[in-house]
Amino acid sequence: MADLSSNFVGIKSPNPFWLASAPPTDKEYNVRRAFEAGWGGVVWKTLGLDPHIVNVNGPRYGVVYGADRRVLGINNIELITDRPLQTNLDEITAVKRDYPDRAVVVSLMVPCEEPCWNEILPKVEATGADGIELNFGCPHGMSERGMGAAVGQVPEYIEMVARWCKAATQMPVIVKLTPNITDIRYPARAAKAGGADAVSLINTVSSITSVNLDTMSPEPSIDGKGSHGGYCGAAVKPIALNMVAEIARDAETAGLPISGIGGVTTWRDAAEFLALGAGNVQVCTAAMVYGFEIVKELKVGLSDWMDSAGYDSVAAVTGRAVPNVTDWQYLNLNYIAKAKINQDACIKCGRCYAACEDTSHQAISMGEGRVFEVIDEECVACNLCVDVCPVEDCITMEQMAPGTVDPRTGKVVEEEYANWTTHPNNPAAQAAE
Amino acid sequence: MANDQWTPGVVSGRLPADQLAENFGDLHPLMDAHEALVAADRCYFCYDAPCVTACPTSIDIPLFIRQISADGTEGAAKTILEQNILGGMCARVCPTETLCEEACVREAAEGKPVEIGRLQRFATDTLMARGVHPFSRAATTGRRIAVVGAGPAGLSCAHRLAMHGHDVAMYDARAKSGGLNEYGIASYKTVDGFAQVEVDWLMKIGGITVEHGKALGDALTLDGLSGEFDAVFLGIGLGGVNALRATGEDKEGVDDAVNFISELRQASDLSSLSVGRNVVVIGGGMTAVDAAVQSKLLGAENVTMVYRRGKDRMSASEWEQDLAAQKGVRIIYGAMPVAVHGNGAAQDVEFEYTRDAGGKLEGTGETFRIPADQVLKAIGQTLDGVPDDLEISGGKIAISGAGRTSLEGVWAGGDCAAGGDDLTVTAVAEGRDAAEDIHQALSA
Ligand SMILES: Cc1cc2nc3c(=O)[nH]c(=O)nc-3n(C[C@H](O)[C@H](O)[C@H](O)COP(=O)(O)OP(=O)(O)OC[C@H]3O[C@@H](n4cnc5c(N)ncnc54)[C@H](O)[C@@H]3O)c2cc1C
Ligand SMILES: Cc1cc2nc3c(=O)[nH]c(=O)nc-3n(C[C@H](O)[C@H](O)[C@H](O)COP(=O)(O)O)c2cc1C
Ligand code: SF4
C-alpha cells in the first residue's frame, strides 16, 4: 500500500487531503468529525479581528446542476468566521491537542495594516496550530472592506503582508490566491518574493449562478436582491488546474510548494492536482455536498492508483505532468490523428454525427441502419465526437503512423517534431529567416 | 354467503372491494415531477432519433423530453399533441416495448430505455390537468365532413379537420365516443374514466358534432353520407369476431373476450361482474392477454391462455406475456381448441397439440382437457357493416395513399383499413393523415 503521508512545508499529515477553509472547518464540532472520518488536515475557517463580521440571514448559496440534480458548482456569499476570535482560538487549541498527528492550519484575514497582523499572529501561534494561510482570495463581502481578493489582486500588497507575517511568526506561511485576476503568476511571484512558504489556490471564482425569472433577482436572493458570490466545486477544477500548472512551470516560482484547491471531488481529481505540481490538496465543496465520508474514497482511490502506477509516495507524484505542460506554439504539428468509431460499442445515438455535421468538419457519415463512420478525408481530429459520445471509449483518437498519407491533406505524415515557431505560415517564423 | 376464488361456476364478488380496487389500479402510475426530471435526464437527444422513427405518429420525442428537462412541460405536451392528439391515451396504452422504447439507444446500451411512455404521460397529463386545449381552429371553410366511428382513428381525423376550419359531423354506433379506448383497452391502463376525459378535452377544439347510436348500415348509408357531405371518413374499427371452429361453442359460459372486456370497462361496480373459477382464454393477442389478466384480477382461481402457435408467433408482446405470467396467468403454447365439453354449461375445453408442418399448422393427434366454467374467445376481430361496393383487401377496407378508399370522396383509417398494426397509435396516425389528405383534396 502506497504511503499517503504528507509533509507540506514541514506540516505533517497522515494523508494529503485537507479540508479547505470554509464551512466544513468552521468550528471544533465539524473538525473533530472530519478527523474521525479520516481527513489528514484542515485549514480552519478564516479568522478575523473582533468585532466579528455578520453573515446574511437568508440563503447564502447558489447552485448549478448537471443531470439528475448533480451539483456541478456552488457559489456562496458567506464571509469569514462570524464567531468571536477567542472562541475559535480556544477550539483550535483543543482540537490540535487531541489530534496531534493531523494538520491544523489557520486561515487569517485582517486589515492591511502591520499592527493588525502583529496582534493576531501570536494568538494563533499559541494554539499550537501548524501554520497559517493568508486568505487573499475571498471575492465578496471582505474585498469591499479592503481585505481578501482586494489584497490578492494587488501583488505588492501580497508581498508586503507575506513579509510582515514571516517576520512576526515561526509558523509556515501559505498564501491563498484568488483566481479573479488575469495572470495568476504575478500574485504567486509576489507571495514568493514576500517569503511565503507556499501558495494555495484557488479561492472561489466571482460569479452569478442564476437569475430568478419571476422576481428578476440573482440567486441566492436576499429580499429580492442578489450579490455576486464565489463559485466552487467540480465546475471550477479546470480553472484551478491551469492556474496550478502556470505557477508550477513558471521559472520564477518553480519549486514553490502549492496546495491545490478547486473542485477536488474524487481521488482522480486529487492525483491530477498533484501531477500538475501540487504538494497536497484541499477540498471544500465535495465535502459540503457529500459529507466527510468521501475521504475514504479519496484515500483508497489514490493509494490504489499509486500502487498500480508504481508511485510509492505522494511526493513522487507531485509535478509529474509539469514538464508536459507547454505553450501552444510548441505542440507538434506533425502529430496527426483520426477519430475511429468502434462499431461494436456504438449504440447509434448519432450525437457524433450531429456534432461533426453541424459544428465541426462534416467528417462523419450516416449510413444505412444508422451506421456512423469517420470520413478520414475530412477529419481534423478535433475530438468533439469523442467528447459528445455517451459511450466511453466508443470513439477514440488514433495516431497516424509516420510515412502514411493523411487523406485529408494528401501529405505524408512526417516523423520529426515540428511546431508553429518554424511553420511556413507563421509570419514571425518567416521574419526570423 | 360471500363468494371467493374457490366458489364454483361463473359468479360475482370473488374478491373484496378494496382488493379489486387495488388490482385495477393504475398499471404505470403517473410520474411525479422529480421522477420525470430524473427520467428525462437520461435522454441523449439523439440525431434523427430512432424512437421518432419507431413511433407511428412520429412524435418528436427528444424534443419533448428536452422540454421537460428545461422546465417547459406544457410546451412538451404541445410537441406531443401536435403529432398525436390522443398522446395522453397513447402514453398509457402503447406497447412502447415494441415501439419507441424498443428503438431507444439506451435499450441497446443498457437494456433500459428512457421511459418515453411515462414521460409522455407526465407531459400530457400536466397540460390536461389545467384543462388547457392548446390548439385553435382556422377560419371556417364551410366544408362539411362526415366521420363515421368515434374511436381513435375517427377522433384524430375529426380533430385535425376541425383545426383546418372544416365542420365535422361524427357518428358512432355506440352510446359513448372513444371506440376501444372506452370499450376495449384494459382497465388498469386507463383508470379514472380517462377515455371520456380525453374525448371531452379533444372536443374543445370546436367545430365537431357527434351523434351516438347512429350506425353505418343501419341509420346511415355511405351513399347518403357521400351525398350530404364534402367527404366521408370511415373509422369503424373491427366490429365482428371470428368463430372458434370447435364444437360446443354455444355452451353457456362461452363468450367473446371483447364482450367480456367491454362489460368490464362499463361496469360501475367491479364486484358486480361475474367471472369463472376456471377461466380459459383462447388466443394469443393483446385481447387475449387483457381478458386473461383481468379475469385473474377479478378473482378467478385458475386462468389459462391457450395459443395455437409458438411463443415467437404470439402477437402479444414479450412484455405483455410477462405481465400475464406475473399476474398468475398460465400460458400454453402450441395447442388448438377441439371442443367445449359440458352439459349445457361449459365444464372443460379439449385441446389438441399442434406442430408447424412447413408453415402450415396441424394437429399432432394428442389431446388434453382443461377445466373451464368460463371460456373467452379472443381469436381476432373482423370487419363488419361496410357496404358491398367498397373494395376489400385481406378482410379490411382497401386503401391507397393516406387512406383513400376505392370510392371517390371516401377515406378510411384505423383498424378497419388495410395496412398498419391494429394499435391505438396507428389509428391516430392514420386518422390524422387522412384528415390532411382530405384537407388537401378539398383545398385543391
Ligand atoms: C381488448 C383490446 C385491447 C387492446 N389493447 C390495446 C393496447 O393496449 N394498446 C394499443 O395500442 N392498442 C390496443 N388495442 C387495439 C386498439 O384498441 C385499436 O387498434 C384501436 O382502438 C383502433 O382504433 P379505431 O378507431 O380504428 O377503431 P375502434 O377503436 O374500434 O373504434 C371504432 C368506432 O367505430 C364505431 N363503429 C363501429 N362500427 C360502426 C358502424 N357501422 N357505424 C358507426 N360506428 C361504428 C365503434 O362503436 C367505435 O366507437 C386493443 C384492442 C382490443 C380489442
Ligand atoms: C461557503 C464557502 C465559504 C468559504 N469560506 C472561505 C473562507 O472563509 N476562507 C477561505 O480561504 N476560503 C473560503 N472558501 C473557499 C474554499 O476554501 C475553497 O477555496 C473553494 O471553495 C474551492 O474549493 P472547492 O472547489 O473544493 O470548494 C469558502 C468556500 C465556500 C463554498
Ligand atoms: S474528430 Fe472532429 S472532425 Fe474528426 S470526426 Fe470527430 S468531430 Fe469530426
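Biologist: Which residue stands opposite Ser200(A) in β15(A)?

Modeller: Ser259(A) stands opposite Ser200(A). This is a predicted model, in which local features need pLDDT of at least 70 and side-chain atom pairs count only at pLDDT 80 or more, while totals for chains, interfaces and linings use all residues. Residues are numbered from 1 along each chain as its sequence is written, chains are lettered from A, and ligands are numbered from 1 in the order in which they are written.

Biologist: What makes β10(A) and β15(A) a pair?

Modeller: Two strands pair if DSSP finds at least two bridges between them; β10 (residues 198-201) and β15 of chain A have three bridges, in the parallel sense, and therefore qualify. The names come from DSSP runs numbered from the N terminus, with at least four residues of H or I for a helix and at least two of E for a strand. β15(A) also pairs in the parallel sense with β16(A) (residues 280-283), over three bridges, and there Gly260(A) stands opposite Val281(A).

Biologist: What makes the crossover from β15(A) to β16(A) right-handed?

Modeller: The chain passes from β15(A) through helix α8(A) (residues 267-275) to β16(A). With the strands pointing away from the viewer, a path from the first strand over the helix to the second that runs clockwise is right-handed, and this β-α-β crossover is of that hand.

Biologist: Why is Ser295(B) called buried?

Modeller: A residue is buried if 20 or more other C-beta atoms, placed from the backbone, lie within 10 Å of its own, exposed if 12 or fewer, and partly exposed in between; Ser295(B) has 29 other C-beta atoms within 10 Å, so it is buried. Ser295(B) is in helix α15 of chain B. Contact requires C-beta atoms within 7 Å, and, leaving aside neighbours within four places in sequence, Ser295(B) is in contact with Val275(B), Val279(B), Ala300(B) and Val303(B).

Biologist: What makes β7(B) and β11(B) edge strands?

Modeller: In chain B, five strands form an open parallel sheet in the order β7-β15-β9-β10-β11, and β7 (254-256) and β11 (330-333) each pair on one side only. The twist averages 20 degrees from one strand to the next, with axes fitted as lines to C-alpha atoms (for helices over the stretch in contact) and angles running from 0 to 180 degrees between N-to-C directions. Within this sheet, β9(B) (residues 278-282) and β15(B) (residues 374-377) pair over four bridges, with Val281(B) opposite Leu376(B). Helix α14(B) (residues 257-266) lies across β7, β9 and β15 of chain B, at about 75 degrees to β7(B).

Biologist: Which residues come nearest to ligand 3?

Modeller: A residue is near a molecule if its C-beta atom, placed from the backbone, lies within 6 Å of it; of the 15 residues around ligand 3, Cys356(A), Ala363(A), Cys379(A), Cys382(A) and Cys385(A) come nearest. The elements giving two or more residues to this shell are α12 (351-359) and α13 (384-388) of chain A.

Biologist: How many residues of each class does the shell around ligand 3 have?

Modeller: Ala, Val, Leu, Ile, Met, Phe, Trp, Tyr, Cys and Pro count as nonpolar, Asp, Glu, Lys and Arg as charged, and the others, Gly among them, as polar; on that basis the shell has 12 nonpolar, three polar and no charged residues.

Terms used:
Contact = placed C-beta atoms within 7 Å.
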